[in-house]
Amino acid sequence: MKVLMFGRGTIATLYGWALEKAGHQVEFYVRPGRAAALGSTVDLRIRDGRVRRGAPVAQRWPVTLREDLDAGHDYDLIVLSVNHDQLDDAVGFLGSRVGDATVLMFGNVWAEPSAVVSPLPGDQVVWGFPAGGGGFTGSTLRGGVTKKIFLGFCEGSNRAERYTLVRDLFADAGFSVSEQPDFRSWLWVHFVLDAGLLTQVLAVGGQARLFASRKAVEQAVLLTREMIPLVKARGGSPGGGAALVSRVPAGLLSFFLQRLLAGKNMYSFLMEELDRAGHLTREGAGLYARDVLAEARKIEFPTPRLAALENVFAT
């Protein structure tokens, strides 16, 4: 399959590498003028969670970058994984250039998903979410992928041949695909989970301090618990994971969450690499909380814990 990764960010690079290693032709679209600055290789210092214990990978990987795209291209799949605040521009750009390619929306969304992809042909859109991360320092990428990815359906998205093609693509590349029937709600719940965790990271001064403090982790749980009903107020249907956060005693949940975050596993490793790359900043990490609080105020939904921490994430 011929695959175009939109951008050469962390997620695009990690999964582009994995798909190329599985035998697919992978290229990256970058903004005009960026190819020379980015260079033709990436120094990978990552862990591959498809292999037990996350096998380390250290290699210089040659990549193909392109700065142009027109509707006459022959890509089978375009993977769009950019920050949610960049989606409107990216989707708008692709609207007249998508051709016959399937577009995999592969990341966080807080807006109405159907509105986000409205410039694209609905039957060519598939929704997914990665389970990897990390960050770049110069040309070196540190981070990794876990074995799992998530796929699902939003209103109007493809549920037939194109969806099956994407699911099989990742399964054949060694990933375990978790399918979520109500992906709109799943994305929104994941968004508030990120908002709760990242806000508390900012509040205590870094992920290492968060991992070291049971009390700080419990505050992240309580903060997230306050935001989950907002998903329902917006018209979503929080599922089993959200119910777990809402119903299990915060002290007990924080005990297990701290053990997960502080343990030697892929999740804690990815958070450490995200921090190392300098992405856990007020501007970047605080974006999630700013968007959630803006929506809560728009529909007059009370989020007092979040509002009390606004000085932590405001810009």
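Predicted model: local features only at pLDDT ≥ 70, side-chain atom pairs only at ≥ 80, totals over all residues.
User: How many charged residues are in the contact of α8 with α10?

Analyst: Contact here means heavy atoms within 4.5 Å. On the α8 side you'll find Arg214, Glu218 and Arg225 among the residues, facing α10 residues including Leu253, Phe255 and Gln258. Counting Asp, Glu, Lys and Arg as charged, the contact has 7 nonpolar residues, 3 polar and, for charged, 3.

User: And α6 against α8: at roughly what angle do their axes cross?

Analyst: Helix α6 covers residues 183-204 and α8 covers 214-233. Their contact includes Trp188, Val192 and Leu197 of α6 with Leu223, Met227 and Ile228 of α8, and its makeup is 13 nonpolar, 6 polar and no charged residues. The axes come within 8 Å and cross at roughly 145°.

User: How many helices and strands are there in the chain?

Analyst: Both are DSSP runs, with helices being H or I of at least four residues and strands E of at least two, numbered from the N terminus. By that count, the chain has 14 helices and 12 strands.

User: Is His24 buried or exposed?

Analyst: His24 sits in the loop between α1 (10-21) and β2 (25-29), touching Met1, Val3, Leu19 and Leu169 if you skip residues up to four places away in sequence. The C-alpha atoms of His24 and Met1 are 5.2 Å apart, though 23 residues separate them along the chain. Buried means under 20% relative accessible area, exposed over 50%, and partly exposed in between, using a 1.4 Å probe and protein chains only. His24 has 18%, so it counts as buried.

User: What radius of gyration does the chain have?

Analyst: The C-alpha atoms fill a box of roughly 50 × 40 × 35 Å along the principal axes. The radius is taken over C-alpha atoms, and the globule rule is 2.2 Å times the number of residues to the power 0.38. For 315 residues, a compact globule would come out near 20 Å, which agrees with the chain's 19 Å.

Methods: Residues numbered from 1 in each chain as written. Heavy atoms only, no water. Axes fitted to C-alpha atoms, helices over the stretch in contact; angles between N-to-C directions.
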